[in-house]
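Please consult the sequence and the structure shown here.

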Amino acid sequence: MTAAREPVPRGFTMPRPGPPPAGEGPGDGADPARGTVLAGGADPAGRADPAGEAAADGADPAGLEPLAPDDTVDLAAQEQALRISQLLGRLDDEFVGLAPVKDRVREIAALLLIDRLRGRYGLTSSRPSLHMCFTGSPGTGKTTVATHMGELLRELGYLRKGQLVSVTRDDLVGQYVGHTAPKTKEVLKRAMGGVLLIDEAYYLYRPENERDYGQESIEILLQLMEAHREDLVVILAGYADRMDTFFRSNPGMASRIAHHIDFPDFALEELLQIAEQMLKREQYRLSPAAREALAEYVRLRMSQPRFANARSMRNAIDRLRLRQARRLVAAGGVIARGDLMEISAEDVRASRVFRDADRAGVELGGPAGEAARPGPS
Ligand SMILES: Nc1ncnc2c1ncn2[C@@H]1O[C@H](COP(=O)(O)OP(=O)(O)OP(=O)(O)O)[C@@H](O)[C@H]1O
Ligand SMILES: [Mg+2]
């Protein structure tokens, strides 16, 4: 997919090496409009800027105007114009914990900013390759962060569109000869200008099966990841140990991944914070006794089977809402707005997590479920 066939891009391009031709916007010359979006009063996301803040002084604060060798640049103003702090602040607000993930995103944002400035000074500034690998347990936020990454990279001007195309092996690999290449290429075509997330990427490689079409898909992916490295971010996601094995068998893939980001399991406190954040967004609140009960619930749930970090909190909240509704309807009578919002301790304690824990305690004389996960300290 070439820039020429696309509608006018919403972001700016990263500057390319070398000074721009006189009288033209910098960049590769293919689409001068891309470099001037900010000066036109739109932010990097392409939204209108009614206040005209982005170009208040008529200059091009975060644009691509070339700089003379002895010019100086106010980095804070640049950051502000690109709304970097705002974007990172949003990431902080929306995601509890995930410090290593946030750190890496901050680094990438800094790199894109510095690279853009280098380009304006005529210094070499190649667009970095941003293919990534996200490893971590179920429910640690890999898919959600991948979605945000697409948006963020679009706003930072790296990606044209920033859409997320999320696939697994079955979307890429065919069952018969000749099916795999068109399938994989179709997916890649949809992902151009955005992020391609391949969940459980290691299933693409099946060494035990002699004629497995997964290898064919991997080869096409490798080719296009290289050829379109400026227009596509591929994120491989899955469990760390299996991903390691996959990379050992596919060194070509390993060498194309610029960022390996490990998503840690959430601590008890973080899970509680996630649950409260989810409840708040849905306009529910916990009574003080319910908050205490929820802390106990989370502690027990963490040590039971099929615990899936933040996703388990999502599921727990869906069930809390069910139990609250059942309680209110069963009680009947007159009801007030506040009643509809409040989750009671009874709603929490009616969970089978407490019953299972009691049963396991009686049967095993110890904590419930598999001991795979650490309990609270
Ligand atoms: N740090 C976080 N703060 C708040 N909510 C979160 C956080 N991480 C994940 N969530 C929420 O948890 C749920 C599960 O997250 P997500 O699907 O991204 O996990 P995942 O790592 O992709 O899981 P899987 O490995 O099973 O695919 C989503 O509803 C998401 O919004
Ligand atoms: Mg996922």
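The lining of the second largest cavity comprises 5 nonpolar residues, 1 polar and 1 charged; Ala, Val, Leu, Ile, Met, Phe, Trp, Tyr, Cys and Pro count as nonpolar, Asp, Glu, Lys and Arg as charged, and the others, Gly among them, as polar. This is a predicted model, in which local features need pLDDT of at least 70 and side-chain atom pairs count only at pLDDT 80 or more, while totals for chains, interfaces and linings use all residues. Residues are numbered from 1 along each chain as its sequence is written, chains are lettered from A and ligands numbered from 1 in the order in which they are written, and side-chain values use heavy atoms, with hydrogens and water left out.

The residues lining the second largest cavity are L294, Y297, A316, L320, R323, V348 and S351. Two or more of them come from each of α11 (288–302) and α12, and α12 provides the largest share, 3 residues. Helices (H or I, at least four residues) and strands (E, at least two) are DSSP runs, numbered from the N terminus. The volume of this cavity is about 40 Å³, and the structure has 3 cavities of 30 Å³ or more.

Cavities and pockets are defined on a 1 Å grid over the protein atoms alone: a cavity is a set of points where a 1.4 Å probe fits but cannot get out, and a pocket is an open set with protein on both sides within 12 Å along at least five of seven lines; lining residues have an atom within 4 Å of a point. Grid points are joined across faces, edges and corners, and a volume is the space filled by probe spheres set on the points.

The largest pocket holds about 600 Å³ of space. Its lining has 28 residues, of which G139, T140, G141, T144 and A310 are closest to the centre. At least two lining residues come from each of α4, β4 (233–238), α10 and α12, with α10 giving the most, 4 residues.

Ligand 1 takes up the space of the largest pocket (more than half of its atoms lie within 2 Å of the grid points). The shell around ligand 1 draws two or more residues from each of α4 (142–155), α10 (268–281) and α12 (309–331). The table compares the two sets by class.

| Set | Nonpolar | Polar | Charged |

Polar contacts are pairs of N or O atoms within 3.5 Å. An oxygen atom of ligand 1 lies 2.8 Å from a side-chain N or O atom of T143, and a backbone N or O atom of G139 is 2.9 Å from an oxygen atom of ligand 1.

Methods
A polar contact is a pair of N or O atoms within 3.5 Å; within protein, one must be able to donate a hydrogen and the other to accept it, and residues adjacent in sequence count only if both atoms are side-chain atoms.
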